[in-house]
Amino acid sequence: MNCVQAEQLFDAYLDGQLGGSLRLEFDAHRLRCRRCQQTLAMLESVGTLIATDSVHPPLSPDFTDRVMARIAHRSAQRRRPLRRLLLVAGAVSQAAAVLAFVLYWLPPKPRPAAQPAPAAPQVPLEYANSPEFRAIRELVVDRVERRLWEMHHAGTQLTSDLVGLARYLNISLPADVARESLRMAGANPWQALWDAFLPRGEEETETPPATDELHSI
Amino acid sequence: MPRDEEQKLIARARRGHADAYRALVEAYKDRLYAFVSRTVRNHHEAEDICQAAFVKAYESLNSYSEEYAFSTWLFTIAYRLCLNHVRKRKALSGEVDFSNVRRTEPDAPQVLASTEEVRRLRRTIWSAVEQLSLPQRSAVLLFYREGKSCEDIGRVLGTPTVTVKSHLHRARAKLRKLLSAELVDDWVALQALGDAHWA
């Protein structure tokens, strides 16, 4: 081992991590090389001095007291806002309790008596049986019926126009659409009202139309 | 201080027992002060940093993990405070020339060296140590003075173990270079003399 090789092992030697045959070789070189001896002695002296030398001036004698006083002071400072918050919260909760107590024991206010609901207007019996009232009723029913027939005729006309238009344009319609359109065109509007307000006796089951049912009207 | 006793004190300090934390401060204050004082190289600033480190450690006791030694955790806090302090000082004074920092220890009566040569050598060595960079100096102090492993030093400095080894290697190389200029006739003989007197 030469000096260059030994110098590469200085750190491991000083850290106490050099062992085995490498340590034996290193020690053998160290014994016969004065330069490496000097360098290692210097570095070991530095380590010894750093490890053992005292620091001057020493720490103040009241250092610990000052540390503890500062800790106590900071702890008190930290607690102060919390304490203030707790005091305020306590005062508010006490005031709320007093208010609730007072409200609970106060006599309730007398409530105004409930007003009777206004009676529904009723047609006097003698007027309902009068010929004038019957005439007015028949007139109203007649007008409603006429209006419904007008709507029915307009729907029939529109349906037949649409069917005619589809035929003219040679548009294919599903069979159920065509059937339903024709049924609606010839339906009695009174029957439709009747069906809408009264439940059916038998529910007709409708099957979805198959694609092969498409045909031209 | 034995580890189990230290853990008991920490547990009591966490529950708010001031006397337990006082015992911890008493146990570690000199070691911490030695480290900080050599790091920032000013007695008054070192005391302030130590005080701040102990207060911060007390306020952060709940975050301390028993996995590591209390001293390692404490030194980590102190080292970060030192870094902040040195950065502030740099910002205030621009380029810092540490060679002009007043040295306080050489003429104190407690100097252990008995011969003039050892005293001179002692001054020379500390002067060389002070010329190391902050991480290198901290690594050297923690390694030699505190006997910390490279892993623990890495935790204190916040760097990987490999970086710590690199710091130590570079620090030794620099010390060799600086101290070779102050050539002593016989380091080996001086080492024997120094060990007897410095111890």
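Q: Which residues of α4(A) are buried?
A: The buried ones are A:Cys36, A:Thr39, A:Leu40, A:Met42, A:Leu43, A:Ser45, A:Val46, A:Leu49 and A:Ile50. A residue is buried if 20 or more other C-beta atoms lie within 10 Å of its own, exposed if 12 or fewer, and partly exposed in between, with C-beta atoms placed from the backbone. Helices are DSSP runs of H or I with at least four residues, strands are E runs of at least two, and both are numbered from the N terminus.

Q: What kind of model is this, and how is it numbered?
A: This is a predicted model, where local features need pLDDT of at least 70, side-chain atom pairs count only at pLDDT 80 or more, and totals for chains, interfaces and linings use all residues. Residues are numbered from 1 along each chain as its sequence is written, while chains are lettered from A and ligands numbered from 1 in the order in which they are written.

Q: Back to α4(A). Why does its end-to-end distance agree with its length?
A: At 1.5 Å a residue, its 19 residues should span 27 Å, and the end C-alpha atoms are 26 Å apart, so the two agree. The expected span is 1.5 Å times one less than the number of residues.

Q: How confident is the predictor in chain A?
A: Its mean pLDDT, the predictor's confidence in each residue from 0 to 100, is 75, and 67% of the residues reach 70 or more. Over residues 201-217 of chain A the pLDDT is below 50.

Q: And chain B, how many helices and strands?
A: Nine helices and zero strands. Of its 199 residues, 34% count as buried.

Q: Which residues touch the most other members of the largest nonpolar core?
A: B:Leu32, B:Val36, B:Ala53, B:Leu74 and B:Ala78, out of 59 residues. Such a core is a set of buried Ala, Val, Leu, Ile, Met, Phe, Trp, Tyr and Cys residues joined through C-beta atoms within 7 Å. Helix α2 (residues 18-40) of chain B gives the most to this core, 10 residues.

Key. Contact = placed C-beta atoms within 7 Å.
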